[in-house]
Amino acid sequence: MKTNYLTEETVKKNYRCTLLGHDYVETKKVNFHFSEFECSVCKMQATNDTRGHKITLTSKLKDINETLFYLNLKKQFLSKFYLGKDS
């Protein structure tokens, strides 16, 4: 039977983030309003919500951010090559 014990290092990281707060670093810029972040200490992932607050990144939010990222790329491509030409 396997048991899942927390290592001493993991516990120290969790206490640091619990007491002092997470040290978020931006890992991906989704579009102008949304970004993905990761704590440099405990590796917890977060993203922005509609109000600009950081919330835990779930698989559903990750899929939404991926879709927003590709829609933003498509919008930039269309505006640069098709809508930007004067003819």
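This is a predicted model: local features need pLDDT of at least 70, side-chain atom pairs count only at pLDDT 80 or more; totals for chains, interfaces and linings use all residues.

Colleague: Why are β1 and β2 called paired strands?

Modeller: Pairing requires at least two bridges between the strands.

Colleague: Which residue in β2 is the bridge partner of Y24?

Modeller: The partner of Y24 in β2 is C39. The link from β1 to β2 is a hairpin of five residues.

Colleague: What makes strand β2 mostly covered?

Modeller: Strand β2 comprises residues 35–39, and four of its five residues are buried. A residue counts as buried when its relative accessible area is under 20%. Four of the five residues of β2 fall in that class, and the strand is therefore described as mostly covered.

Colleague: How do you know that β2 also pairs with strand β3?

Modeller: Three bridges join β2 to β3 (residues 45–48). Since at least two are needed, β2 and β3 are a pair, and they run antiparallel. Within this pair, E36 has T47 of β3 as its bridge partner, and F37 stands opposite A46 in β3.

Colleague: What is found between β2 and β3?

Modeller: Their hairpin has five residues between the strands, and K43 there takes a positive phi near 65°.

Colleague: How do you know that β3 and β4 pair?

Modeller: The same test is applied. Three bridges join β3 to β4, where at least two are required, so these strands pair as well; they run antiparallel. T47 stands opposite I55 in β4. β3 and β4 form a hairpin with five residues between them, and G52 in the turn has a positive phi of about 95°.

Colleague: In what order do the four strands lie in the sheet?

Modeller: The order is β1-β2-β3-β4; the sheet is open, and its pairing is antiparallel.

Colleague: Why are β1 and β4 called edge strands?

Modeller: β1 and β4 (54–56) each pair on one side only, and that is what the term edge strand expresses. Neighbouring strands of this sheet are turned against each other by 35° on average, with direction ignored.

Colleague: Through what do strands of a sheet pair in general?

Modeller: They pair through backbone hydrogen bonds, in either a parallel or an antiparallel manner.

Notes. Residues are numbered from 1 along each chain as its sequence is written. Side-chain values use heavy atoms; hydrogens and water are left out. Buried means under 20% relative accessible area, exposed over 50%, partly exposed in between (1.4 Å probe, protein chains only). Axes are lines fitted to C-alpha atoms, for helices over the stretch in contact, and angles run from 0 to 180 degrees between N-to-C directions.
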